[in-house]
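Reader: Could you walk me through this model, starting with its pockets and then its packing?

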Amino acid sequence: MEELETLLARLREADAQEAISPKAKRRAPDEPAVFSLSPLLSPGEGESPGGIGTLGEKQLHAVLKQHYSAPGALREVPLEGYVADIVGEQGIIEIQTRGLGRLRKKLEKFLARAPVTVVYPIPRHKWLCWIDPATGEIGPRRKSPKIGTPYHAFPELYGLKPLLPHPGLHIRLVLLDLEEYRFLDGRGRDKKKGSTKGERVPLALVQEVRLDSPADYAQLVPASLPPSFTSKDYAAAAHIPRPISQTALNVLYAVGAVERVGKQGQFYLYQRVGK
């Protein structure tokens, strides 16, 4: 098995022999790893004339990839029949804005080679901006009443449940404030139902929840819960719908953060592990 250090050395040697294309431009070693939107929100090479929603790489993905790229890391690296977002001294980083379950086969291959960090963004506050597709005019933005929390990641984490206990897998739940652009091309009088999504433009990185081991999942068990609790109690404590709380406890049970200690009617009773 080729060591990660050998892989990096080989890729850097190959990279030095060719010019970096605009599409796969990599950050220079002395470029700071900061959450800066300006290089990505300005029109540049590779952007089609259609504007918002027509970039080859979505802006949310591109911004997070810049933020998590350490000095000397390589981007868009062919590996094991897939393409890794970032490969560096600390391992592989994958940015996935939705559909974590689709990463399973890719992660199985990557985890056999190196540690892998999966970055999953969650909108905390979101402002909707509606675009008239006929004129391109963007209406005034309106704040969504929904507030995202780390608990909203559980339906996505469920897709990776068999891999979550793996010692080489690390999860980063990133809470962001962002603008979401949508086209007024849907159904109904306001044309909003079933409308086409455009770009999601991040405004601020608010919080990062680090899940590096099964023990770290204990932080996703609300402190206000009683010693024994059901999915109904968890839903109330986490301020999430009951179906999400059931999925959450399924995942937490799988990683060993909670244990089942009986039943209350038709529902499982849970306790924190070690309590």
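**Pocket, core and helix**

Author: A pocket here is an open set of points on a 1 Å grid over the protein atoms alone, where a 1.4 Å probe fits, with protein on both sides within 12 Å along at least five of seven lines; lining residues have an atom within 4 Å of a point. Ground rules: the model is predicted, local features need pLDDT of at least 70, side-chain atom pairs count only at pLDDT 80 or more, and totals for chains, interfaces and linings use all residues. Residues are numbered from 1 along each chain as its sequence is written, and side-chain values use heavy atoms, leaving out hydrogens and water.

Reader: Which element gives the most to the lining of the second largest pocket?

Author: Among the 22 lining residues, the closest to the centre are Pro123, Lys126, Lys146, Glu180 and Arg200. β4, β6 and β7 (197–211) each supply at least two lining residues; strands are DSSP E runs of at least two residues, helices H or I runs of at least four, numbered from the N terminus. With eight residues, the top contributor is β4.

Reader: Is phenylalanine 154 buried or exposed?

Author: Phenylalanine 154 sits in helix α5 (residues 154–157). Beyond its neighbours within four places in sequence, Phe154 is in contact (heavy atoms within 4.5 Å) with Leu220, Tyr234, Thr247, Ala248, Val251 and Leu252. Buried means under 20% relative accessible area and exposed over 50%, with partly exposed in between (1.4 Å probe, protein chains only). At 0% relative accessibility, phenylalanine 154 counts as buried.

Reader: Within what arc do the buried residues of α4 fall?

Author: In helix α4 (residues 104–111), Lys106, Leu107, Phe110 and Leu111 are buried. They pack against β1 (74–79), β2 (82–88), β3 (91–95), β4 (116–131) and β6 (169–183). Taking directions from the helix axis to the C-beta atoms, the buried residues line one face of α4, because they fall within an arc of 125°.
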